[in-house]
Amino acid sequence: MDPFKMGPLGRHDFRPVKHDIAPYKQVMDKWPRDQKGRLGNGRLEFEDQVFGPESLEFDSFGCGPYTGLADGRVVRWMGEAVGWETFALVTANWSEKRCARGVDSTTAKQRKHEKQCGRPLGLRFDKKTGNLYIADAYYGLLVVGPEGGVAVPLATHAAGDQILFAYDLDDIHENGSIFFTDTSKRYDRVNHFFILLGGEATSRLLGYDPQTKTTHVVLDGLAFPNGVQLSKDQSSLLFTETTNCRVELVADLPGFPNNVRMNDEAQFWIALDCYRASAEGVLTHNPWMRSIYFRIPMQMSILARVMGMRMYTVITLFSENGELLEVVEDPKGVVMKLVSEVREVKGRLWIGTVAHNHIAILPYPYN
């Protein structure tokens with residue numbers, strides 16, 4: 001079908017599986033919409049100053065944000081007078097010549113350098129020690145002290161397998177344990193789209209024990225887990241499953257969920273990359289049709305439009321008991337696309353994106 005490898009699969013081995021996903025109409029028919037498009041009232045900040053700011057974090061003094069960039073750095077905002085400064089690196093192999101491509105860092109030009117430069121994704125501070133823990137797509141779980149510098153690796157393997165695609169981590173447990181996600185046993189971050197297309201469930205939720213310095217598997221066989229968050233009382237753990245469009249123990253969702261972040265009211269903000277496609281049902285429940293469809297010699301952007309996929313921002317707020325409290329969206333894609341995380345800090349929503357070069361800010365509660 002595709003002798004010149006023009007389609008999205010190229011020369012990759014592709015073995016799609018059946019998704020365990022709630023039916024499209026069952027979810028979408030009852031899902032509320034933001035008719036006012038309130039997210040369109042937000043503003044873009046730091047345009048072309050930050051490159052793919054996936055996760056946003058603030059230290060115990062309220063300073064920040066800190067964010068991991070597509071060029072391999074963790075940076076922090078030091079105010080208008082100073083601007084952004086490099087706070088940490090995930091590898092001593094990082095060099096400006098090899099890794100720093102500015103606005104091109106979020107394009108294909110960076111892909112062949114990611115494994116050397118790193119791609120810091122999830123960030124969490126230990127409020128007691130001031131240490132910053134980092135989930136890096138290639139270097140696993142790392143930690144760096146309050147003064148920054150080159151991060152120290154903590155976990156690169158679990159149960160004998162390499163951590164191939166570390167994505168996010170939760171708040172530090174009161175006993176010092178850290179839970180984090182490993183998105184796939186087959187694909188790294190550069191090839192992450194094949195996880196979505198194939199619907200595989202080889203991902204893991206891992207736990208790092210600082211006392212024994214070991215990493216164990218908490219849950220296995222997950223469907224592309226991204227964000228993970230402890231409840232306020234630390235008795236339960238919520239995590240997104242992107243391919244299954246759900247937050248475990250909470251809800252089925254109308255799109256692909258990314259990170260989960262708790263606010264001061266023990267509520268959970270969840271960022272959705274985009275809404276589910278109206279034509280996905282046939283492809284989702286028939287792996288053989290996916291195997292054919294994604295071998296059609298057309299670009300993925302065209303195939304996605306044919307499916308009815310719309311790439312615009314949706315963020316949601318849930319109570320700890322799974323009650324849907326807010327749906328905020330931007331149907332026209334004015335603010336941003338491919339959101340990755342929402343942080344509620346001091347009357348603002350800070351919204352990160354893995355694929356664009358800015359951060360969006362929205363007053364909350366709304367004026």
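Biologist: How many disulfides does a search of the whole structure find?

Modeller: One disulfide (a pair of cysteine sulfur atoms within 2.5 Å) turns up in the whole structure. This is a predicted model, where local features need pLDDT of at least 70 and side-chain atom pairs pLDDT 80 or more, while totals for chains, interfaces and linings use all residues. Numbering runs from 1 along each chain as its sequence is written, and side-chain values use heavy atoms, without hydrogens or water.

Biologist: Which cysteines form it?

Modeller: Cysteine 99 and cysteine 117, with their sulfur atoms 2.0 Å apart. The link is left-handed, at -90° about the S-S bond.

Biologist: Where do they sit in the chain?

Modeller: Cysteine 99 is in helix H2 (residues 96-99) and cysteine 117 in helix H3 (residues 114-117), so the pair, 18 residues apart, links distant parts of the chain. Helices here are DSSP runs (H or I) of at least four residues, and strands (E) of at least two, numbered from the N terminus.

Biologist: Is cysteine 117 buried or exposed?

Modeller: Buried (under 20% relative accessible area; exposed is over 50%, partly exposed in between, 1.4 Å probe, protein chains only), with a value of 0%. Cysteine 99 is buried too, at 0%.

Biologist: And what about cysteine 63 and cysteine 245?

Modeller: Cysteine 63 is partly exposed, with a relative accessible area of 41%. Cysteine 245 is buried, at 1%.
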